[in-house]
Amino acid sequence: DLVIGKNHKSAIGTIVERKTRAVLIIKLKSKKAEEVAKEFSKILNNLNPIFKKTMTYDNGIEMARHEKTTKNTTMKIFFAHPYILPGKEEPMKTPMDSLEDTFLKEPILMK
């Protein structure tokens, strides 16, 4: 997923491991799909292969180069369908919701 900073001037990529809930935070130069694919591939290729079976993306435009990530990492990539829990009016909270609340109070400085 991507977390976009204040006034859309900065971005970080995030990868959450489903079972352990471990979060990787990736510094991005831009939120463009090409940059996301390049940086996600770089990080994913450094992981133990046991963690590189599949990946589920949201449906954001920044994930449009998913074929490049698949080619670079050999991971199968799927796309999530937004859903609402039965009896709830709002979508389920994810670990990313907490990160966004924490990190997006001020712009992220990129050097």
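Is Glu39 buried or exposed in this predicted model? At 10% relative accessibility, Glu39 counts as buried; the term buried applies under 20% relative accessible area, exposed over 50%, and partly exposed in between (1.4 Å probe, protein chains only). The model is predicted, with local features requiring pLDDT of at least 70 and side-chain atom pairs counting only at pLDDT 80 or more, while totals for chains, interfaces and linings use all residues. Residues are numbered from 1 along each chain as its sequence is written, and side-chain values use heavy atoms, with hydrogens and water left out.

**Salt bridges**

Side chains of opposite charge can pair when their charged atoms come close. A salt bridge is defined as a side-chain nitrogen of Lys or Arg within 4 Å of a carboxyl oxygen of Asp or Glu. The whole structure contains 5 salt bridges.

| Pair | N to O distance |
|---|---|
| Glu34 and Arg65 | 2.5 Å |
| Lys38 and Glu35 | 3.7 Å |
| Lys38 and Glu39 | 3.8 Å |

The salt bridge of Glu34 and Arg65 has its N and O atoms 2.5 Å apart. Glu34 belongs to helix α1 (residues 33-44) and Arg65 to the loop between β4 (54-57) and α2 (66-73), so this pair ties together parts that are 31 residues apart in sequence. Helices (H or I, at least four residues) and strands (E, at least two) are DSSP runs, numbered from the N terminus. Both partners are partly exposed: Glu34 has 36% relative accessibility, and Arg65 has 35%.

Lys38 forms salt bridges with Glu35 and with Glu39. Lys38 and Glu35 are 3 residues apart in helix α1, a separation of about one helical turn. Lys38 is partly exposed at a relative accessible area of 36%, whereas Glu35 is buried at 11%. Through salt bridges that share partners, Glu35, Lys38, Glu39 and Lys42 are joined into one network.

The 12 residues of α1 should span 16 Å at 1.5 Å a residue, and the end C-alpha atoms are 16 Å apart, which agrees. The expected span is 1.5 Å times one less than the number of residues in the helix. Buried residues of α1 include Ala33, Val36, Phe40 and Leu44, together with Glu35 and Glu39. The buried residues of this helix pack against β1 (2-4), β2 (11-16), β3 (23-28), β4 and α2, where contact means heavy atoms within 4.5 Å.
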